[in-house]
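I opened this model to look up how some of its strands pair and what surrounds its ligands. My entries follow.

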Amino acid sequence: MSNFWFGEGLRKGRKTEKFPLAPPEEPPLWPSYLDGNAEPYCPTEAIKEGMWDPGRCIFCRLCEPQYKPTGKQGIFQVRKTQPLLKKSFYIYKLDSGACGACNVELGTIFDPQYDANRLNIFMTNTPRHADAIVVMGVQTERMKEALKNAYEAMPEPKLIISLGACAISGGIIGKSPMEREQYHVEIAGCPPSPYTILEALSRARGV
Ligand code: SF4
Ligand code: SF4
């Protein structure tokens, strides 16, 4: 795998995205902001009374062509920022009951294409060293206690971040592990794109 990135680097001169100085070179259409105004069938009720809720959307495309993706990546909501974490930001991921895809996309931000480390964002394997907990997946009985224990073990100041439709709203298959209002940051998508994740994490630190 490292040979691939080495080759790409040689071919293009560089491979890492220019974020935050420039938008993504090839922004994905799915997931991105949906634009429309009809009342099509939506299995998760992400569209209600003409309003689209990104946190409920699983980007199944059943609402096409009444709703269309715009390519705009900022499908996240930051309710609380923590500028104290600008210089170093350690995240702890907790998979409460995810399918695996949110996990993969979160891991991708540390690949050479996004290189989150250059933005002082790191992963930690213990909540005791974490500035933020990133919750993925629906609520499962066995992970309830683990989530509570992890959150309590984190030092202040700390942020709670939901990643993906399952964690935000329960998606199509379950219930969210926490009440939606408890999250400081919501990152929508099923799964969210690495660019959206990176931008949301940066905003959460007030960058
Ligand atoms: S993409 Fe699917 S989940 Fe999202 S609004 Fe359209 S129908 Fe609903
Ligand atoms: S939000 Fe989508 S991608 Fe993420 S865990 Fe749920 S089903 Fe999987």
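I noted that the model is predicted. Phe-89 belongs to strand β6, residues 89-97, and Ile-121 to strand β7, residues 121-123. I read that β6 and β7 run parallel and that 3 bridges join them.

Entry on the crossover. I asked which helix belongs to the unit with β6 and β7. The helix is α2, residues 101-108, and I recorded β6, α2 and β7 as a right-handed β-α-β unit.

I then followed β6 to strand β8, residues 132-137. These two strands also pair in the parallel sense, over 6 bridges. I picked Tyr-92 as one position to look at, and its bridge partner in β8 is Ile-133.

Entry on ligand 2. I asked which elements each supply at least two residues of the shell around ligand 2. Among the surrounding residues I listed Cys-99, Cys-102, Met-136, Gly-137, Ala-165, Cys-166 and Cys-190. By class, I found 9 nonpolar and 3 polar residues in this shell, and no charged ones.

Entry on ligand 1. I looked up how many residues lie around ligand 1, and there are 14. Cys-42, Ala-46, Cys-57, Cys-60 and Cys-63 come nearest. I recorded this shell as 12 nonpolar, 1 polar and 1 charged.

Methods: Residues are numbered from 1 along each chain as its sequence is written. Chains are lettered from A and ligands numbered from 1 in the order in which they are written. This is a predicted model: local features need pLDDT of at least 70, side-chain atom pairs count only at pLDDT 80 or more; totals for chains, interfaces and linings use all residues. A residue is near a molecule or strand if its C-beta atom, placed from the backbone, lies within 6 Å of it. Ala, Val, Leu, Ile, Met, Phe, Trp, Tyr, Cys and Pro count as nonpolar, Asp, Glu, Lys and Arg as charged, and the others, Gly among them, as polar. Two strands pair if DSSP finds at least two bridges between them. Helices (H or I, at least four residues) and strands (E, at least two) are DSSP runs, numbered from the N terminus. A crossover is right-handed if, with the strands pointing away from the viewer, the path from the first strand over the helix to the second runs clockwise.
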